[in-house]
Amino acid sequence: MGNISNGMESICSDIVNSHEERNKSLKDLQKGVKSLRNDAKEFVADSGMSRKEMAKKLDENLSLGRQDLTKAVNSLKKDFHNNQKAVRQDLTQARKTWQGLKKAKAEKKSKS
């Protein structure tokens with residue numbers, strides 16, 4: 001019968017030890033989870049700040065790009081209008097020359 005009582009003491013001792021180990025393991029796990037949760041909160045906060053900063057820089061760059069593009073388009077429009085004016089003047093002069101040639105031909109024809 002000594003073996004049974006020794007076996008029971010051994011089982012009870014193992015149960016107590018395993019219970020203590022599980023509690024210790026659970027506490028370590030809880031600390032790890034808490035640390036991971038805090039790290040995740042920091043990451044999310046830092047990511048949000050980085051995103052806002054990048055959005056602000058992107059907006060500034062786009063604004064500058066828009067201003068440069070507006071200047072370039074205005075310059076192109078001005079050049080186009082100047083060229084258009086020159087072409088109109090050239091066409092007016094060509095029309096006068098053509099009408100003068102037509103008039104001279106008609107006069108020459110009427111004299112003959």
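A salt bridge is defined here as a side-chain nitrogen of Lys or Arg within 4 Å of a carboxyl oxygen of Asp or Glu. The structure holds one such salt bridge. The side chains of Glu53 and Lys57 form this contact, at 3.6 Å from N to O. The model is predicted: local features need pLDDT of at least 70, side-chain atom pairs count only at pLDDT 80 or more, and totals for chains, interfaces and linings use all residues. Residues are numbered from 1 along each chain as its sequence is written, and side-chain values use heavy atoms, with hydrogens and water left out.

The protein has one helix and zero strands. Helices (H or I, at least four residues) and strands (E, at least two) are DSSP runs, numbered from the N terminus. Helix α1 covers residues 2-111. Both Glu53 and Lys57 lie in helix α1. They are four residues apart, about one turn of the helix.

The overall dimensions were computed next. The radius of gyration, taken over C-alpha atoms, is compared with a globule rule of 2.2 Å times the number of residues to the power 0.38. A compact globule of 112 residues would have a value near 13 Å, but the protein has 47 Å. Its C-alpha atoms fill a box of roughly 155 × 25 × 5 Å along the principal axes.

Buried residues make up 0% of the 112 residues. Glu53 is partly exposed, at 47%. Lys57 is also partly exposed, at 46%. The protein exposes about 11000 Å², of which carbon and sulfur atoms supply 59%. Accessible areas come from the Shrake-Rupley method with a 1.4 Å probe; for residues, only the protein chains shown count as cover.

Ile4, Met8, Ile11 and Ile15 make a nonpolar surface patch of about 410 Å². Patches are made of residues with over 30% relative accessible area and no salt bridge; like charges are joined within 9 Å, nonpolar side chains (Val, Leu, Ile, Met, Phe, Trp, Tyr) within 5 Å. Met8 is found in helix α1. Its relative accessible area is 47%, so Met8 is partly exposed.

Ser110 is also placed in helix α1. Ser110 is exposed, with a relative accessible area of 58%. Its side chain reaches the backbone oxygen of Glu107 at 2.9 Å.

Terms used. Buried means under 20% relative accessible area, exposed over 50%, partly exposed in between (1.4 Å probe, protein chains only). A polar contact is a pair of N or O atoms within 3.5 Å; within protein, one must be able to donate a hydrogen and the other to accept it, and residues adjacent in sequence count only if both atoms are side-chain atoms.
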